[in-house]
Amino acid sequence: MKNKSIKISRNDNCPCGSGKKFKNCCRNEKQGIAIRDEYKNRYNIILKTSEQIEGIQKSGELLMSIMDGVEKMIKPGLKTDEINIFVHDQIINAGAIPATLNYRGYPKSVCVSINEVICHGIPGDRLLADGDIVNVDITPILNGYYADASKTFFVGTPGPDAKKIVAVAAESLKRGIEVVAPGTTLGDIGHAIQTYAEGQGCSVVREFVGHGVGIDFHEQPQVLHFGNKGKGIALMPGMVFTIEPMINLGKKGLHVLEDQWTAVTNDGSLSAQFEQTILVTQEGYESLTPYEL
């Protein structure tokens with residue numbers, strides 16, 4: 001999932017949709033600056049500079065090293081707060097900051113969501129049990145730059161329902177990422193995810209979406225995981241955003257618990273999620289938090 005190559009020649013129409021040839025539009029440095037200004041003014045979207053992209057990428061490298069450590073910890077009997085302690089210490093020891101800690105009152109440095117918990121599960125005394133699935137969502141801030149990713153893991157031996165929902169969620173993210181390229185739209189991403197997930201008899205959560213990231217935790221644009229092809233904002237090189245579909249084995253309805261954070265499925269069905277931070281490049285895309293799907 002490192003990169004998709006799409007060759008754009010000098011004389012092709014520019015993928016930004018201007019109607020001009022690429023050589024006279026975004027390939028030109030001055031015109032590229034104008035496009036960055038336009039996206040900021042029209043959509044409040046920050047098209048990142050090469051320096052900013054490098055900073056986000058380094059944050060992503062830290063994130064994935066921590067995620068690899070979490071994966072090695074996962075086993076029955078592990079207290080979810082042990083995951084929080086590990087993630088917190090690893091981020092702090094790297095000279096970074098855990099973005100979730102105290103964010104709008106969230107009390108921990110990581111989100112840990114088990115089984116029917118869709119997202120924003122708060123680590124605590126709960127123990128992982130054999131057969132559980134658990135999503136771990138990590139966001140470090142390194143030198144002022146944010147990277148955001150999550151993975152869903154099996155605890156012990158998974159049952160058939162667990163295997164299905166994790167496989168569908170992983171493939172949903174993969175299909176969403178693979179349509180990313182200059183000139184495609186946000187609607188293309190949502191359509192690819194929705195079509196696949198619903199085709200597998202699962203449902204797509206509507207209330208939580210992907211988002212721009214890098215300079216801040218949550219930036220524009222919002223990245224819906226459902227939608228129509230060709231609709232929405234055209235993707236441009238320099239856009240950085242998360243794609244993070246939350247897929248339910250049952251129906252899409254949810255409610256938030258009294259802690260005002262933990263979102264769970266209404267029908268008690270399993271929910272799984274995978275998330276990566278994606279950069280739109282001149283030739284396609286690059287994951288800044290890459291892992292195999």
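**Close-up views of a predicted model**

**View 1. Salt bridge between Lys151 and Glu71.** The closest N and O atoms of Lys151 and Glu71 are 3.6 Å apart, a salt bridge being a side-chain nitrogen of Lys or Arg within 4 Å of a carboxyl oxygen of Asp or Glu. The pair connects distant parts of the chain, with Lys151 in strand S8 and Glu71 in helix H2, 80 residues apart; helices (H or I, at least four residues) and strands (E, at least two) are DSSP runs numbered from the N terminus. Lys151 is buried at 11% relative accessibility, whereas Glu71 is partly exposed at 40% (buried, under 20% relative accessible area; exposed, over 50%; partly exposed, in between; 1.4 Å probe, protein chains only). This is a predicted model, in which local features need pLDDT of at least 70 and side-chain atom pairs count only at pLDDT 80 or more, while totals for chains, interfaces and linings use all residues. Residues are numbered from 1 along each chain as its sequence is written, and side-chain values use heavy atoms, with hydrogens and water left out.

**View 2. Salt bridge between Arg42 and Glu38.** The closest N and O atoms of this pair are 3.0 Å apart. Arg42 and Glu38 are separated by about one helical turn, because they stand four residues apart in helix H1 (residues 29-43). Arg42 is exposed, at 55% relative accessibility, and Glu38 is partly exposed, at 32%.

**View 3. Open sheet of three strands in the order S3-S5-S8.** The pairing is antiparallel, where two strands pair if DSSP finds at least two bridges between them. Strands S3 (111-114) and S8 (149-154) are at the edges, each with a single partner strand, so one side of each has no neighbour in the sheet. Four bridges join S3 to strand S5 (residues 133-138), and Cys111 has Asp137 as its bridge partner in S5.

View 4. His225 is buried, with a relative accessible area of 1%. Its side chain reaches the backbone nitrogen of Glu244 at 3.0 Å, a polar contact being a pair of N or O atoms within 3.5 Å; within protein, one must be able to donate a hydrogen and the other to accept it, and residues adjacent in sequence count only if both atoms are side-chain atoms. Leaving aside neighbours within four places in sequence, His225 is in contact (heavy atoms within 4.5 Å) with residues including Gly190, Phe208, Ile243 and Pro245.
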